[in-house]
Amino acid sequence: MKKSRHPFLLLLTVAFCMEFFLTGTVCYADTEAKEVGNLYALSAVLMDGDSGRILYAKNGEEKRPMASTTKIMTCILVLENSRLDEAAEVSAYAASMPKVRLGVQPKERYLTGDLLYSLMLESHNDTAVVLAEHVAGSVEAFAALMNEKAEKIGCKDTWFITPNGLDAEEETKEGIREHSTTAADLARILRYCISESPKREEFLAITGTPSYDFSDCDGKRTFSCRNHNAFLTMMEGALTGKTGFTAKAGYCYVGALKRDNRTFIVALLGCGWPNNKGYKWLDTRKLMEYGLKNYTLHPLSEAAKPSVPEELPVENGQSRILGEMREVPLVCSQGEDRQVLLKEGETIEVTYEGATGLSAPVKRGETIGRLTYATEGWIWKTEEITAKEDVDKITFDWCLKQTVKRFAAG
């Protein structure tokens, strides 16, 4: 093999390529990526927090470890499955967790509500295990609850093993699975926490608290927690968020912002490694500003509707006069005129799908067709077109009665 005459040039080229990778520089595949610009995160998602629509994604469906961003799921499950005034006892296993840790000791007791501040403000790993064991009896049983909830809210590529986000693998019937998620699923989990959970207000109150002091149930030890989510003071309208780091996951973050009735969620995985702790804040700001600049609210009513039949003929339907074709009036189940986020150039398309004719019997309220409001495949709303009244089927007895009426009238 012929050696290069310019080894220094070769080394320079390699170094340049590595810099491209390490600084998150990407080749622009489309206009959207070009507008967002370079991101350090290996996986990133910007989501409309109200609808769940993904507005921007970089490797959004790739599975990666998520470190302590796991704790948003731990927090919401504890809120939904226990009371804040319950006392949780520390096990030897919980006390053995590695840093970052509160430093609890076996047999100590703490109020569940106090431990949630330790979990979310300081990201204590031992606290997560205390809470998991309190709610479900064991870490394994709590992980089952986590996976059940993830599946229920539409996370198809998420697998929980630990309540604190420490890297882990386990053998399952599908093979070896890693404690992991995707940026898209992580954003879905936070959306559930702040928008859909019955405990969403409690979640936002805890995660938005700047600092919190508490003691164990016996009053022997006192602790102070400080919120490490810098995003809360970084942008106007910041609501909540959770940081995370392990050697395998890198720096991770998920956070939400609400401004002018628009809610945006950012999820980042693999957003740098030491000493690049600040990359996640740069990426978060960049994605949030992209959303704020480019997406505005539009009412669904501004969309042009297709022609929808006001009534449909019913074959073999009883009518006022024998031999007359019966028609049934239709009604549209119009819902609220929602406001939806759209980018310049995007439109709301309304399509009608339904029958052109019916066959008796027809029941009042029976679905005849649907109007679908969508933008680039994302369905905002469907309206059902239903029958306004009953139409019975023609029978021999009905025909006989109609014949008798006709002769009597004549």
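# A guided tour, from loop to core

Start by selecting N316, which is found in the loop between strand 13 (311-315) and strand 14 (326-332). Helices (H or I, at least four residues) and strands (E, at least two) are DSSP runs, numbered from the N terminus. The phi of N316 is near 60 degrees, a positive value in a residue other than glycine. N316 is partly exposed, with a relative accessible area of 42%; buried means under 20% relative accessible area, exposed over 50%, and partly exposed in between, with a 1.4 Å probe and protein chains only.

Before you move on, keep in mind that this is a predicted model, in which local features need pLDDT of at least 70, side-chain atom pairs count only at pLDDT 80 or more, and totals for chains, interfaces and linings use all residues. Residues are numbered from 1 along each chain as its sequence is written, and side-chain values use heavy atoms, with hydrogens and water left out.

Next, pick N261 in the loop between strand 10 (250-259) and strand 11. N261 is not a glycine, yet its phi is positive, at about 65 degrees. Its relative accessible area is 60%, so N261 is exposed.

Now go to N275, in the loop between strand 11 (262-269) and helix 10. The bond to look at joins P274 and N275: a cis peptide bond, with omega about 5 degrees. Another cis peptide bond joins A360 and P361, again with omega of about 5 degrees. You will find P361 in the loop between strand 17 (358-359) and strand 18 (367-375).

Select Y290, which lies in helix 10 (residues 279-294). Is Y290 buried or exposed? With 4% relative accessibility, Y290 counts as buried. Show its surroundings, and leave out residues up to four places away in sequence: Y290 touches E32, E35, V36, L46, Y56, Y295 and K343, where contact means heavy atoms within 4.5 Å. One of these, L46, is 244 residues from Y290 in sequence, while their C-alpha atoms are 9.0 Å apart in space.

Two other residues on that list, E35 and K343, deserve a stop of their own. Their side chains meet in a salt bridge (3.1 Å, N to O), that is, a side-chain nitrogen of Lys or Arg within 4 Å of a carboxyl oxygen of Asp or Glu. The pair links distant parts of the chain, with E35 in helix 2 (residues 31-36) and K343 in strand 15 (residues 339-343), 308 residues apart. E35 counts as partly exposed at 39% relative accessibility, whereas K343 counts as buried at 16%.

How many salt bridges does a search of the whole structure find? The search finds 20. For a linked set, select R53, E346 and E376, which are joined in a network of salt bridges.

**Into the core**

Now select I72, L190 and F203. Of the 58 residues in the largest nonpolar core, these three touch the most other members. A nonpolar core is a set of buried Ala, Val, Leu, Ile, Met, Phe, Trp, Tyr and Cys residues joined through side-chain atoms within 4.5 Å. Which helix gives the most to this core? Helix 8 (residues 183-196) does, with nine residues.

Center on I72. Apart from its neighbours within four places in sequence, I72 is in contact with M120, L186, I189, L190, C193, F203, K242 and V254. A second, separate core has 25 residues, including A44, Y56, A238 and Y295.

**A last stop at the surface**

Finish with L400, in helix 11 (residues 396-409). L400 is partly exposed, with a relative accessible area of 46%.
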